[in-house]
Amino acid sequence: MKNFAELGLEPKVLQAITELGFEEATPIQAQSIPIAMSGRDMIGQAQTGTGKTAAFGIPLINKISKDTDKIVALIMTPTRELAIQVAEEIGKLTRFKGIGSLPIYGGQDIGRQIRALKKKPQIIIGTPGRLLDHINRKTIRLDDVETVILDEADEMLDMGFMEDIQSILKLVPEERQTMLFSATMPPNIQKLAQQFLKNPEHVSVVPKQVSAPLIDQAYIEVPERQKFEALCRLIDMESPELAIVFGRTKRRVDELSEALQKRGYSADGLHGDLSQNQRDTVMRKFRDGSIDVLVATDVAARGLDVSGVTHVVNFDLPQDPESYVHRIGRTGRAGKEGTAWSFVTPREIDHLHLIERVTRHRITRKPLPTLAEAIEGKQRIIAERLLETIESGELNEYKGLAIQLLEQYDSVQLLSGAMKMLTGEKRDSEIQLTPEDPIRVKRRYNNGKPDLRNGRKPSGNYGGFRGGSGGGNRNGGGYNRDRDNGGRGGYNRSGGGRSSDSSYRDGGDRKPRTSNGEGRRPSKRDDSFNS
Ligand SMILES: Nc1ncnc2c1ncn2[C@@H]1O[C@H](COP(=O)(O)OP(=O)(O)OP(=O)(O)O)[C@@H](O)[C@H]1O
Ligand SMILES: [Mg+2]
C-alpha cells in the first residue's frame with residue numbers, strides 16, 4: 001500500500017482523491033500511476049473491484065492542463081452504463097482542477113450531446129459506436145487527443161469492436177499515450193495490443209499484493225427446469241442486500257425478472273433491448289436500493305461498481321470463462337466480501353470445469369437449498385426486521401391494541417400471525433421459464449489449456465482470487481472470443497437498433513463477426529454492448 005501523496009500528484013488532484021475517501025493507493029494504482037505519468041503506453045491488469053478506474057483516471061487528470069479547450073483525452077468503454085459510471089468517477093476526480101469531461105453513448109439524445117460538447121470538455125468517455133457517429137458528424141474531433149484509454153480492453157479489442165476502434169484510433173495523432181486496462185487479459189491481447197500500443201509496459205498485479213476481494217464461489221447442480229425454484233430458495237436463504245442475477249439472453253432476463261416480481265421479489269431486468277431511459281431507470285433503482293435484485297445479461301458483466309452487491313448468481317453459466325470472472329466481480333469489491341453462486345445443469349459440468357481451469361480457482365459444490373432452509377432464511381430476516389422495529393422505538397400508538405389482543409389470544413400465536421403476514425403470502429404459482437440450451441465446451445478448449453493472463457508474469461494469477469490450483473498454461477489455447485453479435489443496432493441514427501431476433505440476441509452495436517474461422521452460428525446471448 002502506498003500513500004497517494006508519495007506519487008507526485010498535483011495538490012488539486014490529491015484533494016479530489018481525499019474527498020473521494022481514498023486513503024491509500026491500491027496496488028494497481030501504486031504501480032500504474034508512475035508509469036502512466038511517465039508518458040509510456042501501458043497494459044494494466046488487476047482483479048475486479050481494485051480501482052483500475054482511478055489507476056488511469058488519476059494520472060490522466062494530473063496530466064491535463066485546464067487551459068486547453070480541446071478534447072485531449074479519450075476513454076472508451078464497452079457499454080453505456082460503464083461510460084456513465086466512469087464519467088462520474090472522472091467527474092469527481094476533476095472536481096478541484098476545473099477540467100471538463102463528458103460521457104458520449106448511444107441511446108441518449110444526440111442533440112443534447114452536441115450541446116454539451118460545445119462546452120468544450122477536455123475528456124470524452126464514450127462507447128465506440130456513438131463516438132464514431134459524432135466523428136462522422138464532425139461534432140467530435142480527435143486531432144488534439146494525447147491520451148487514449150481502453151477500459152475493459154480485452155472486451156474492447158474483441159472482434160465486434162475491432163473495426164470501430166481502428167477507425168477511431170486512425171484519427172488520433174500517432175504520438176499519443178495509449179493505455180489498456182482489464183481484469184482479464186487473454187493471451188491474444190498481446191497480438192492485438194501491438195496494433196495500438198508502442199512498447200507498452202505491463203503492469204500485472206499479483207494476487208497476494210492485492211487487497212484481494214473475497215468472493216466465495218459455489219455452484220449448484222440443478223436441472224434447467226428447477227432453476228427458478230432454486231433461485232427463489234437461494235434468495236430466501238441468503239437474503240442478499242443487493243444481488244445481480246445473470247441470464248444468458250434477453251428473453252431469459254425478461255421472463256426471469258417478471259417471474260421474480262410475481263413471486264413478490266423486488267426485481268427488475270437490464271438488457272440491450274430496453275430503451276436507454278429504461279436502462280437508466282433500472283440502474284438508478286438498483287443503485288439506490290429500490291430494487292434488490294438486478295436480473296441482467298452480460299451487458300452488466302463488466303466494470304459496473306454498485307456498492308452493496310453481496311451476491312452474484314449465474315442463473316445460466318456464461319459462455320466464456322472471462323465473462324465468469326467479470327460477472328462475479330460485481331461483488332467483492334473494494335475489499336468487501338461477496339458470494340457468487342452458479343447454476344450448472346448436469347450437461348454443463350464440463351463447462352464448469354473449464355471455467356475452473358481457466359480461472360484457476362476451484363468452485364465449491366453446494367447442495368440445492370432445501371425448502372426448510374429457504375423458509376428459515378426468510379423467517380430469520382423477518383425476525384431481524386421485527387427486532388429492528390422494536391429497537392427503533394415509537395411503538396406507543398400500537399401498544400393499546402397489542403394489550404387488547406393479548407387478552408384474547410396467546411402471545412406466540414399473535415406473533416406468529418404477525419410474522420406470517422410480514423413474510424408475505426408466498427405466491428407459489430407454478431412458473432416455467434422457456435428452457436435455454438446447455439452451454440457446451442468449445443472445441444478449441446479441448447486441446448489447449450487456456451489462461452486469461454497475458455503471460456508475462458509466471459507467478460501472476462490472472463485475477464488474484466484466493467489460492468486456486470490446476471492447469472493453466474500461459475501459452476496455450478489461443479483464447480479467442482467467439483461471438484456472433486447479431487448485427488449492428490443501438491446507435492444508428494434512425495433510432496432502430498433492435499435486432500430482428502430480439503428474444504434471443506441483444507443486437508448491440510457490434511458488427512457481426514464475419515471471419516472467426518469457425519463460420520457463423522447464431523448466438524442466443526445478449527451481446528448488448530450498445531454504443
Ligand atoms: N484507493 C482506493 N481506496 C479505496 N477505495 C477505492 C480506491 N480506489 C478505488 N476505490 C473504489 O473501489 C471500487 C472499485 O473500483 P473500480 O470500479 O475502479 O474497480 P475496477 O478495478 O475497475 O473493477 P472492474 O474490473 O470490475 O472494472 C470503487 O467503488 C472505487 O471508488
Ligand atoms: Mg473497471
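I take helices (H or I, at least four residues) and strands (E, at least two) as DSSP runs, numbered from the N terminus. I take the expected span of a helix as 1.5 Å times one less than its number of residues.

**Entry 1: ground rules**

I am reading a predicted model, in which local features need pLDDT of at least 70, side-chain atom pairs count only at pLDDT 80 or more, and totals for chains, interfaces and linings use all residues. Residues are numbered from 1 along each chain as its sequence is written, and chains are lettered from A and ligands numbered from 1 in the order in which they are written.

**Entry 2: helix α4**

I started with α4. It has 14 residues. From first C-alpha to last it reaches 20 Å, close to the 20 Å expected at 1.5 Å a residue.

Next I checked burial. I call a residue buried if 20 or more other C-beta atoms lie within 10 Å of its own, exposed if 12 or fewer, and partly exposed in between; C-beta atoms are placed from the backbone. By that count, ten of the 14 residues of α4 are buried, so the helix is mostly covered. Among them are R80, E81, L82 and A83. I90 and L93 are also on the buried list.

**Entry 3: the whole protein and its core**

I counted 18 helices and 16 strands in the protein. Of its 531 residues, 50% count as buried.

I then looked for nonpolar cores, meaning sets of buried Ala, Val, Leu, Ile, Met, Phe, Trp, Tyr and Cys residues joined through C-beta atoms within 7 Å. The largest has 115 residues. V245 and V293 have the most contacts inside it. Helix α4 (residues 80-93) gives the most to this core, with seven residues.

What does V245 touch, leaving aside neighbours within four places in sequence? I count two residues as in contact if their C-beta atoms, placed from the backbone, lie within 7 Å. On that basis V245 meets L231, L256, V293, V295, V313 and F315. For the protein, I took contacts between residues at least 6 apart in sequence, and 77% of them join residues at least 24 apart.

**Entry 4: one sheet of seven strands**

I say two strands pair if DSSP finds at least two bridges between them. I found an open sheet of seven strands in the order β5-β6-β4-β7-β8-β3-β9, with parallel pairing. Its edge strands are β5 (101-104) and β9 (201-204), and each pairs on one side only. From one strand to the next the twist averages 15 degrees.

Strand β3 (residues 42-45) runs parallel to β9, and four bridges join them. The partner of Q45 in β9 is S204.

Helix α6 (residues 128-136) lies across β4 (73-76), β5 and β6 (123-126). It runs at about 105 degrees to β5. For such angles, axes are lines fitted to C-alpha atoms, for helices over the stretch in contact, and values run from 0 to 180 degrees between N-to-C directions.

**Entry 5: another sheet of seven strands**

I also found an open sheet with the order β12-β13-β11-β14-β15-β10-β16, again seven strands with parallel pairing. At its edges are β12 (267-270) and β16, each pairing on one side only. Helix α13 (residues 321-328) packs on this sheet and touches β10 (214-221), β11, β14 and β15 (337-344). Its direction makes about 155 degrees with that of β14.

I went through the pairs. Strands β11 (residues 242-246) and β14 (residues 309-314) run parallel, with five bridges. There A243 stands opposite H311. Eight bridges join β10 to β15, where D216 faces T339. Two bridges join β10 to β16, where Y219 faces R365.

**Entry 6: T364**

Is T364 buried or exposed? T364 counts as exposed because it has 8 C-beta neighbours inside 10 Å. T364 sits in strand β16 (residues 364-365). Residues up to four places away aside, T364 touches Q217 and A218. I also looked at I61, 303 residues from T364 along the chain; their C-alpha atoms are separated by 42 Å.

**Entry 7: residues 2-30**

I checked the UniProt record. Its unreviewed entry gives residues 2-30 as "domain: DEAD-box RNA helicase Q". UniProt positions are in the numbering used here, feature names are shortened, and annotations may be inferred rather than shown by experiment. In the model, this stretch is 48% helix and 14% strand. Its end C-alpha atoms are 6 Å apart.
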